[in-house]
Every structure is written in C-alpha cells, then in structure tokens.
Amino acid sequence: MTAFPRLVRAELYKFRTTPGPWVCMAVVVLLTGLGVTTSFINGDHGVVHFSAPTTTEELRRLMGAGYTAAIVMAPILGVLCITTEYRHHILTSTLLAHPRRADVLGAKVVASALWGLFMGVVSFAMLAAMGIPLLLSEGGSLRGLLDQVGPVVPGMFAAFLLLAIYGMGIGTLVRNQIAGVILALGLTLVLEPIIVAIFSSLAHMDVNFLPTRATQAIAGGLTPHGPGGAGATGTAHLLLSWWLGAVALVVWGAGTAVVGYYTTFRRDVT
Amino acid sequence: MSAVHAAARGTAIEVRGLTKRFGAVTAVDDLTFSVAPGRVTGFLGPNGAGKTTTLRILLDLAAPTSGSCVIGGRRYRDIPDPARHVGAVLEATNFHPSRRARAHLEMLTIEGGLDSSRIDAVLDLVGLTSDARRKVGGYSLGMRQRLQLAGALLGDPGVLILDEPSNGLDPQGIAWLRDLLRHLASEGRTILVSSHLLAEMAQTVDDVVIVSGGRLRVQGPLSLLTSQSQSSMRVRTPERDRLAAIAHAAGYAPRPVSDDTLLVDGATPEALGPIIASNSVVVYELAQVSQNLESVFLELTTSMTGTAASVEPKEVVPR
C-alpha cells in the first residue's frame, strides 16, 4: 500500500480506537432523535400539538432532522482529529512514521471527511429507524417524506463531510483541543448569528458565504431544530445556490487547513 | 530476544555543524559528531545540554538553524518508509491514554507500512504481552517506556535512536534494557542512546558523545574516558619536598596540596608503598583517592569554557 492511503487508514483507525469520535457519534444520534421529535411538534395559533408533518416544509424538516447534528458535531469531530494529536503528543509518532507533513495533513482531511460522512449515514439511519415508524403511526405520508430525499439528503451528506473538514482546519489553526472545540461551537452558534444579524439585517450585506449559511444552502434551506425554531425553509431564497454553498464550505475547510499548515503545522514538534 | 529478526546492518549517523537557536537561546551550538554501526553510542550531558533538541532535529521533528544531520547519508525525511530503517523512542507520553497498547502498535504498523505480525514478537520482547489489551492510561512510566521501545522495534530497524529510555525503569528494567541494547548492537545495528547519567550508561555504551551547553565536549570510545578515571595517592609526611622529588624521579607528577600533604596522581598503594619504604620516608598517612567515571563526566560537563576534543588519556603511568 502506498503511503497516502495507509495514512488515511491510520487516521480512521485512530478514530475507531479512541472515545472522542464515538462520543460525537452518540451526540449525533441524540440530536437527530431530537430533530425527529421536534419535526412532529407543530404550532397552530399558539397551540402546540404532536402530529405528523404534512406540508413540504414540514416533511423537509423531518428529512433534515440531522441538520443540527451536522453543524454542531461535524466541526467538533474535525477539531478532535488534529488537536488530539497535539494534546497527547501522538503527532510525534505520526511524523516519525511519515515525516512529510503535507501528506499527514492531507490524510487527516480525507479521514475527517470520511468519518463525517459516516456520521451522516448514522444520522439518516437514526432518522429512518425513528422518524418513519413515527410518521406512519401518526398517519403521515411516507411518499411525501421520500419526495424530500433529493432536495435534502445529498446536501446533508455534503454538510457532514465538509463541516468535518472545516473543523479540522480550525483545529490546525489553534492546536489546543478545548480552544478548538469552543471556537468551533462559538463560531457556529454565537458569532455567525451575530454577524448575520448585524451585517445582513442591519447593513444589508451578503453574509451567505458563512459556514452555517452555506450549509443551509446545500441542505435545502434548513435551519436548526427546536421548539419554536421554524426549521424553516422559507428563507431559502435568500441563500446561495446549493453548488455555491458547497464551494463556500470547501473554501472554508481548505482555507483554514492551508492557513493552519503554513502557520502552525510546520512548526517544530516539541 | 530471538523475536527480533536479524536486522539489516545499521548505517552511520552524521551530525555536522548543527546549530539550533530558540530566540536568544542557543540550544545546540555548532555540534558535530558521528555514530558508528554495530556500537552503542551514549549521547550524554546534563539536563538542558541540547540532547533532545539534537535528536528531534535528527528525526526531522524540528528544523535546524544551520548545519545538517543524516542517517545513512540521507535526511530523515528522504528515507523511504523510515520506520523500517529507524526506530525512535523520544518520550513516554506519546500515547492516547484511552487506546490499548496493542491498538497503539497496530496504529504504528499501519502508519509505517509495517508488518502487523511483528506486534506479538515485540510485545513479547519488552515483556508486555499480558498487558497488551490494557489501556495505556493505566500503564506505569516504566511500562510506557517498554511500549515505546516496542514501537521503535516494530520495523526491525537498523538504526535505533533512544532519548532517555531508562527513565522510569526499575533496576531490573535498566539491566534488561542494557542487555537488549548490547544484543541489538551485536546484530550490527546503530544505536544512539541519550542519558544525563553516565554511571547508568557506563556498562552499556561503547562510545560516548558528551555535550554541555549545546556544545560537544568529548567524543570517543568509553575506554578512553575510563582511562581518565584514575586513582591518586594522598601522602601526609613531614618530608613533603623530599618525597615529591623521589616521586618525580620515579615518573609521577606529585602535587603539594598542603604543608605536609602530597597528592601523587596515577599512583597505587602497591607502586608507591615500596618507593616510600626503600627511601625511608616518614609517613603519617597514606590513602588512595579515586576519581570515578562520574566525576570525570561532571568535570567535563561543568567546564563550560572548554573546547571540544577527542578523549586523550593522560600520561598517568610511570615512565
């Protein structure tokens, strides 16, 4: 086996043999389950009731039940991929086995993307296992749900994959594990909404290239789930087209990784 | 020991004019030395002497400010599949605490393109077979050192570079390590092992490279260094000057240390006693003062102004 494929295999083996990625996976399952549940909670003139989603928007929200899991956990997985190496000094043995650092970072990008994709598969498995029986038991339309596969599923898989790369880029930049996780969550859940509020609403500037907005663009205009959270697709027309959203996420992921490579990853390993 | 296959013959390590600065601090200063195959070379010096920095540069983990390091004529990064040729133990903390020891070695075989069938052999070699399925977080420091060594030996390398490998080992472990290194060197491998304790390495190494303050102090066979660890005779006598003349005539270099005491370097009781008796010198006290290997090492490493030199035995035998 040539060096690069085996480096990717080694990175995936590292994921498999440490608890962090499995904890991320467990949280993906939980958040997806929460997303499924909230897709059945509908409000009507101030009255909240539990019923099967029926409209296109409601069914799309159910199909995208893993959206919150994607925007929260995929970047964290990527952060863990690189910062675990620094935290436990494993990078030393990695570089002893393969001293070419660009190859090592490239393998981490690919492995993060693959594990992110795996998280997406698990998320949809959770959706199928919980959402479909619940939909049928509430008298909902399976055909209506399946009609949303095209607009949502490819984009969701892409979101899991690309956001994991984005997280790895953040981890490469900061190296410290706790700082990386806080930064990834802070950017997604705090900073981006503030930037959107300020620049989009007040200054009418285009901020759709930001990671979360780009993720919404490729995943059918979904937004985070939650009681009262619309999971709305109503603002989809304000987002980038799906392919521009994908390009934006690729640039965010590759950009942070490349900047991290030149600013921190090539430093002396002590 | 049979678990380790006969290795391809080791290759020489060459360090030439190596300098590493961290801001205003010069950690390694124009260091030049070589390490020969088939021998255990001790890379010795006090803490902060620049040993670990040198080894990290040698292994391409850090960049030199100037100078070069090669293993078998190539930089580490230019060695194809380096884990097959060079095994390294740098510190006992390069583990994920939640990963099991066997999984750690499996990870190394995947990364290095090594044969995973050797995992059992190296675990057996370092005595960790029964603990292989335990998480490394529960390992003692000594067990981690053994696991590091197992990882270094996975590729059956011709060159071993070990940074303070005896840290955390108990006396039995140190004796085991000594035997292992001697055996590996006897197979023709190149072994460079750093330590800040010469006494601990004295029974293990063939050659020494002694550094202090980032600079080379001594390089050469240990046998030449041990020749400096001579004994002297301290003689208290009312006839100090007469005895000094007699000793000088006998080929020694006596040194007065007080009004009635003389230090005769290189002399033994068996040699000096008959000389004193045959010349009827009055003696109040005759005592042997030995300078051991450790004190030679301390003298070399605390002398910050000396220049690098090969070890030359002093002329201590009677002419």
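This is a predicted model: local features need pLDDT of at least 70, side-chain atom pairs count only at pLDDT 80 or more; totals for chains, interfaces and linings use all residues.

Modeller: Chain B has ten helices and 14 strands, and of its 319 residues 44% count as buried.

Colleague: What makes B:Glu164 count as buried or exposed?

Modeller: The cut-off for buried is 20 or more other C-beta atoms within 10 Å, and B:Glu164 has 22 of them within that distance, so B:Glu164 is buried. Its place is in the loop between strand E6 (159–163) and helix H5 (171–186) of chain B, and B:Glu164 has a positive phi of about 50° although it is not a glycine.

Colleague: Why is B:Asp81 called partly exposed?

Modeller: The name applies between the limits of 12 or fewer for exposed and 20 or more for buried; B:Asp81 has 14 other C-beta atoms within 10 Å, and therefore B:Asp81 is partly exposed.

Colleague: Turning to chain A, how do you know whether H2(A) and H4(A) are roughly parallel or antiparallel to each other?

Modeller: The axes of helix H2 (residues 19–39) and helix H4 (residues 67–87) of chain A come within 9 Å and cross at roughly 175°. Angles over 145 degrees count as roughly antiparallel, and H2(A) and H4(A) are therefore roughly antiparallel to each other. Where they meet, H2(A) brings residues including A:Cys24, A:Val28 and A:Leu31, while H4(A) brings residues including A:Val72, A:Ile76 and A:Leu80. By class, this contact has twelve nonpolar, five polar and no charged residues.

Colleague: What makes helix H10 of chain A mostly covered?

Modeller: Eight of the eight residues of helix H10 (residues 211–218) of chain A are buried, and A:Arg213 and A:Gln216 are among them. Just after H10(A), A:Gly220 takes a positive phi of about 75°.

Colleague: Which residues touch the most other members of the largest nonpolar core?

Modeller: That core has 149 residues, and those touching the most other members are A:Leu77, A:Phe160, A:Leu163, A:Ala164, B:Ala150 and B:Ile161. Its largest share, 16 residues, comes from helix H8 (residues 149–174) of chain A. Leaving aside residues up to four places away in sequence, B:Ile161 touches B:Leu55, B:Leu58, B:Leu59, B:Val86, B:Ala88 and B:Leu192.

Colleague: What are the domains of chain B, according to the domain assignment?

Modeller: The assignment gives domain 1 (13–226) and domain 2 (231–290), and 46 Å separate the centres of these domains, taken over C-alpha atoms.

Colleague: How many residues of chain B are in contact with chain A?

Modeller: In chain B, 27 residues are in contact with 26 residues of chain A. Helix H2 (residues 101–112) of chain B gives the largest share of the side of chain B that touches chain A, seven residues, and this side divides into 14 nonpolar, seven polar and six charged residues.

Note on methods
Residues are numbered from 1 along each chain as its sequence is written. Chains are lettered from A and ligands numbered from 1 in the order in which they are written. Two residues are in contact if their C-beta atoms, placed from the backbone, lie within 7 Å. Helices (H or I, at least four residues) and strands (E, at least two) are DSSP runs, numbered from the N terminus. Ala, Val, Leu, Ile, Met, Phe, Trp, Tyr, Cys and Pro count as nonpolar, Asp, Glu, Lys and Arg as charged, and the others, Gly among them, as polar. A nonpolar core is a set of buried Ala, Val, Leu, Ile, Met, Phe, Trp, Tyr and Cys residues joined through C-beta atoms within 7 Å. Domain bounds come from an automatic or database domain assignment. Axes are lines fitted to C-alpha atoms, for helices over the stretch in contact, and angles run from 0 to 180 degrees between N-to-C directions. Angles under 35 degrees count as roughly parallel, over 145 as roughly antiparallel, 65 to 115 as roughly perpendicular and the rest as oblique.
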